[in-house]
Each structure stands twice: as structure tokens, then as C-alpha cells.
Amino acid sequence: MFAVIKTGGKQYKVTKDDVIVIERLNGEAGEKVTFNEVLMVDGKIGAPLVEGATVVGEIKKQSRGEKVIVFKKRRRQGYRRKNGHKQELTVVKITDINA
């Protein structure tokens, strides 16, 4: 059984016991999190969401992604800007899919 969920503006295809890395969710490690925006469950497609379907997961850890360098330059203008960014991430293990 699989489901397609939407969180953080992105969609993820998940099955039971999958570990996914998504954008930051509020909560500490060990807490349960419920995804209510379920777009598809085992071939049943929602319009746009599947009624009554939920996906339950457990937060494994909160972390930060790799550093991304943002470099802007305009040639012949003497304009250069260098900036860095680390995305806040949450590691979630899917524990249950309720259709």
C-alpha cells in the first residue's frame, strides 16, 4: 500500500516504514505527526484530496541540509554578492497509512 502526500509545497510517494526528508515541521524527535493532505492512496485518486485518508509518521530528527552558496554577479559593474544558506529539514519515518 502506498500513498502520495503533500507537505512543504512538494509531493512524496510513501509506503509504510519509509524514511523521508522533508521541509521543517514543528515538533521534537519521537513525536507523532499526521499528514492530512493525501492526494492518492493505492490507486484511489482524490479530487484534489482523498476524503478521510491520513498518513501518520514519527519525527526521527531535526537537521539542516548541505550549505548552498548563492553568488550574484553583474559583469563589468563591480557588483558581487556571496551568501550562504542551509535549509531546515525534518527526517520522518512513516508508521501508518489510513485509507
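This briefing describes the strands, the nonpolar core and selected residues of one protein structure. The structure is a predicted model, in which local features need pLDDT of at least 70, side-chain atom pairs count only at pLDDT 80 or more, and totals for chains, interfaces and linings use all residues. Residues are numbered from 1 along each chain as its sequence is written, and side-chain values use heavy atoms, with hydrogens and water left out. Strands (E, at least two residues) and helices (H or I, at least four) are DSSP runs, numbered from the N terminus.

**The open sheet**

- Strands of a sheet pair through backbone hydrogen bonds, either parallel or antiparallel.
- Here, an open sheet of 4 strands has the order E3-E8-E7-E4, with antiparallel pairing; two strands count as paired if DSSP finds at least two bridges between them.
- Because E3 and E4 stand at the edges with a single partner strand each, one side of each has no neighbour in the sheet.
- Direction ignored, neighbouring strands of this sheet are turned by 45° against each other on average; the axes are lines fitted to C-alpha atoms, for helices over the stretch in contact, and angles run from 0 to 180 degrees between N-to-C directions.
- E3 is joined to E8 by 5 bridges, and valine 19 has lysine 93 in E8 as its bridge partner.
- E4 and E7 pair over 4 bridges in the antiparallel sense, with lysine 32 opposite glutamate 58 in E7.
- In a regular strand the side chains alternate between the two faces of the sheet.
- Buried means under 20% relative accessible area, exposed over 50%, and partly exposed in between (1.4 Å probe, protein chains only).

**Strands E1, E5 and E6**

- E1 and E5 run antiparallel and are joined by 3 bridges; isoleucine 5 stands opposite valine 38 in E5.
- E5 is also joined to strand E6 (residues 44-45) by 2 bridges, again antiparallel, and valine 41 has lysine 44 in E6 as its bridge partner.
- E5 and E6 form a hairpin with 2 residues between them, and aspartate 42 in the turn has a positive phi of about 50°.

**The nonpolar core**

- A nonpolar core is a set of buried Ala, Val, Leu, Ile, Met, Phe, Trp, Tyr and Cys residues joined through side-chain atoms within 4.5 Å.
- The largest such core has 18 residues, of which Ile5, Val14, Phe35, Val55, Val92 and Ile94 touch the most other members.
- The largest share of this core, 3 residues, comes from E8.
- Contact means heavy atoms within 4.5 Å.

- Threonine 7 lies in strand E1 and is buried, with a relative accessible area of 13%.
- Not counting residues up to four places away in sequence, threonine 7 touches Tyr12, Ile22, Leu25 and Phe35.
- Asparagine 26 is found in the loop between E3 and E4 and is exposed, with a relative accessible area of 78%.
- Asparagine 26 and isoleucine 59 are 33 residues apart in sequence and 9.6 Å apart in space, C-alpha to C-alpha.
- Lysine 13 lies over the face of phenylalanine 2, at 4.7 Å from the ring centre; a charge sits over a ring if NZ of Lys or CZ of Arg is within 6 Å of the ring centre and within 35 degrees of the ring normal.
- Arginine 74 lies over the face of tyrosine 79, at 4.8 Å from the ring centre.
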